[in-house]
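User: I would like to learn how to read the features of a structure like the one below. Please take me through them one at a time.

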Amino acid sequence: MRFWGGVLLSVAGGLRSSRFFIFWVFLELNILCFIGLLSFSRWGADSLSSLKYFIVQRLGSIIFLFTSIGMGWFRERVAAGLLITAGAVKLGAAPLQGWLISVSWDVAWDAFFFLITIQKVLPLYFIFQMGGLGVTALTVAAALIGPAGALFQGALKSLLVYSSVFGVGWILRPNSRVLGFSYLFIYAVGLIVVVWCLRRAFRGAERTSGRNLTGINLFLLFVALISLSGIPPLLGFYAKLPIILELTIGRRGVLAILLFGSGVFLYVYIRVCIRGLSLRAQRVELGQLTRRGPMLVIVALMGAPFLLGA
């Protein structure tokens, strides 16, 4: 509980920091608290995954500090590029998502949710502050690599990692941080439903594909995933709509790539659910509806025009 609170408090402190050094302190505190969650809680990963996470985050911090201390040694564009690279390393943004996939395979579903949502907040906030061509490059990389990687994934965790990688493109592209973080918040809400379904279906079988999904779990997962893809009238569409309207003014090339990527993810999500349905259709039992009433209410709300989804 202490580490969980430390993660949230460090994120809040970093967002309110007005000085570079204070922001860096909260960023490091956030990393240490999350490693504590992985190592000393029921969310625990094996020691190798915790070590991977630690080493990658240290690498990002070294680039971050080296560039910050030596600002006078670099040209402005070079310094900005190095700082954005440091943020991308910590974020696991495309094309640096390899470590994120590796670590995610060995953590519990709760920790996985934190890893691809909460732990992205401070690096994203920092990259937003930098702006420029580096942000555009990260957006295009996310829009291309996310869908391409998702097409070849059989494991649901890897698929969701590529979904989060693709989501970075939607988050970073608008000029307004409010729009970007609103998208991240709604994505996280939709992901809660996905993780809930997968935890109940897998019962600890972290590396299973869609074949263990049965009955109402498959239905809930299908609705949540379709919501993540941004299909109207689910709220995922309303998360993307303001960004789409902004990008129609002068950035239609990037918008076209993002919309095409969303279509690819819609296809992949439908493919996952059809596979699960075809493998386990005989196990669907209407009696399961009564045992999942609360989550059914949530998913029903996801179909309302201005309520849940991502």
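**Reading the model**

Analyst: The protein chain has an average pLDDT of 81, and 81% of its residues score at least 70; pLDDT is the predictor's confidence in each residue, from 0 to 100. This is a predicted model, in which local features need pLDDT of at least 70, side-chain atom pairs count only at pLDDT 80 or more, and totals for chains, interfaces and linings use all residues. Residues are numbered from 1 along each chain as its sequence is written, and side-chain values use heavy atoms, with hydrogens and water left out.

User: Is Leu156 buried or exposed?

Analyst: Buried means under 20% relative accessible area, exposed over 50%, partly exposed in between (1.4 Å probe, protein chains only). Leu156 has a relative accessible area of 5%, so Leu156 is buried. Leu156 belongs to helix α9 (residues 156–172). Between Leu156 and Val272 the C-alpha to C-alpha distance is 8.4 Å, although 116 residues separate them in sequence.

Technical notes:
Helices (H or I, at least four residues) and strands (E, at least two) are DSSP runs, numbered from the N terminus.
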